[in-house]
Amino acid sequence: MEHISVDKLHDLVPGMGPDDLILDVRTEEEFEEAHIKGARNKNHEDVEDIADELKKYKNVYVHCKMGGRAQKAAELLENAGLTNIICVSQGGMQRWMDMGWEAE
């Protein structure tokens, strides 16, 4: 599984297409406070519920607030047979907000 920083994710966002998905694995409440534009939310404990659906994407970028829950969710998805998972394990939404990057 590939691991990237949230800074790298920020650099990739402008070039993302319909085959790319940002999966925010924080709680629904955290997601509603602020999230990356276009991101989808699924609690890290429930990501296996959507594993089959995620197979259609070329890349699924899994992120959370700091990186811990993203790592757990990415491992669950990889164990479910997905090979398109990229874990944003270095930083997360906390750094995104600290940097003042665009959020919804």
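Val-60 is buried, with a relative accessible area of 0%. Its place is in strand 4, which spans residues 59-63. The model is predicted. In this model, Val-60 pairs up in space with a residue from another part of the sequence. That residue is Leu-21, 39 residues apart from Val-60 in sequence. Yet the two C-alpha atoms are 4.8 Å apart.

His-10 gives a contrasting case. This residue lies in helix 1. Its relative accessibility is 25%, so His-10 counts as partly exposed. Along the chain, His-10 and Glu-78 are 68 residues apart. Their C-alpha atoms are separated by 23 Å.

Now to the charged side chains. Side chains of opposite charge can pair when their charged atoms come close. How many salt bridges does the count come to? The count is 5 salt bridges. Three of them are followed here, among them one between Arg-95 and Asp-7.

In the Arg-95 and Asp-7 bridge, the closest N and O atoms are 2.6 Å apart. This pair links distant parts of the chain. Arg-95 sits in helix 5, residues 93-98. Asp-7 sits in helix 1, residues 6-12. The partners are 88 residues apart.

The next bridge joins Asp-24 and Arg-26. Here the closest N and O atoms are 2.8 Å apart. Asp-24 counts as buried because its relative accessibility is 0%. Arg-26 is at 6%, so Arg-26 is buried as well. The cut-off for buried is under 20% relative accessible area.

The bridge between Asp-52 and Lys-55 has its closest N and O atoms 3.2 Å apart. Asp-52 is exposed, because its relative accessible area is 62%. Lys-55 has a relative accessible area of 46%, so Lys-55 is partly exposed. The limit that matters here is 50%: exposed means over that value.

Aromatic rings come next. A pair of aromatic rings is described by the distance of the centres and the angle of the planes. How many aromatic pairs does a search of the whole structure find? The search finds 1. Trp-96 and Trp-101 form this pair. Their centres are 5.2 Å apart, and the planes make an angle of 80 degrees. The arrangement is edge-to-face, because planes over 60 degrees apart count as such. Trp-96 counts as buried at 3% relative accessibility. Trp-101 is buried too, with a relative accessible area of 16%.

Finally, the surface. Which residues form a negative surface patch? They are Glu-28, Glu-29, Glu-32 and Glu-33. Glu-29 is found in helix 2, residues 28-33. Its relative accessibility is 54%, so Glu-29 counts as exposed.

Technical notes. Residues are numbered from 1 along each chain as its sequence is written. This is a predicted model: local features need pLDDT of at least 70, side-chain atom pairs count only at pLDDT 80 or more; totals for chains, interfaces and linings use all residues. Side-chain values use heavy atoms; hydrogens and water are left out. A salt bridge is a side-chain nitrogen of Lys or Arg within 4 Å of a carboxyl oxygen of Asp or Glu. Helices (H or I, at least four residues) and strands (E, at least two) are DSSP runs, numbered from the N terminus. Buried means under 20% relative accessible area, exposed over 50%, partly exposed in between (1.4 Å probe, protein chains only). Rings of Phe, Tyr and Trp (its six-membered ring) pair if their centres lie within 6.5 Å; planes under 30 degrees apart count as stacked, over 60 as edge-to-face and the rest as tilted. Patches are made of residues with over 30% relative accessible area and no salt bridge: like charges are joined within 9 Å, nonpolar side chains (Val, Leu, Ile, Met, Phe, Trp, Tyr) within 5 Å. Accessible areas come from the Shrake-Rupley method with a 1.4 Å probe; for residues, only the protein chains shown count as cover. Lys and Arg count as positive and Asp and Glu as negative; His and the chain ends are not counted. The place of a charge is taken as NZ of Lys, CZ of Arg, CG of Asp or CD of Glu.
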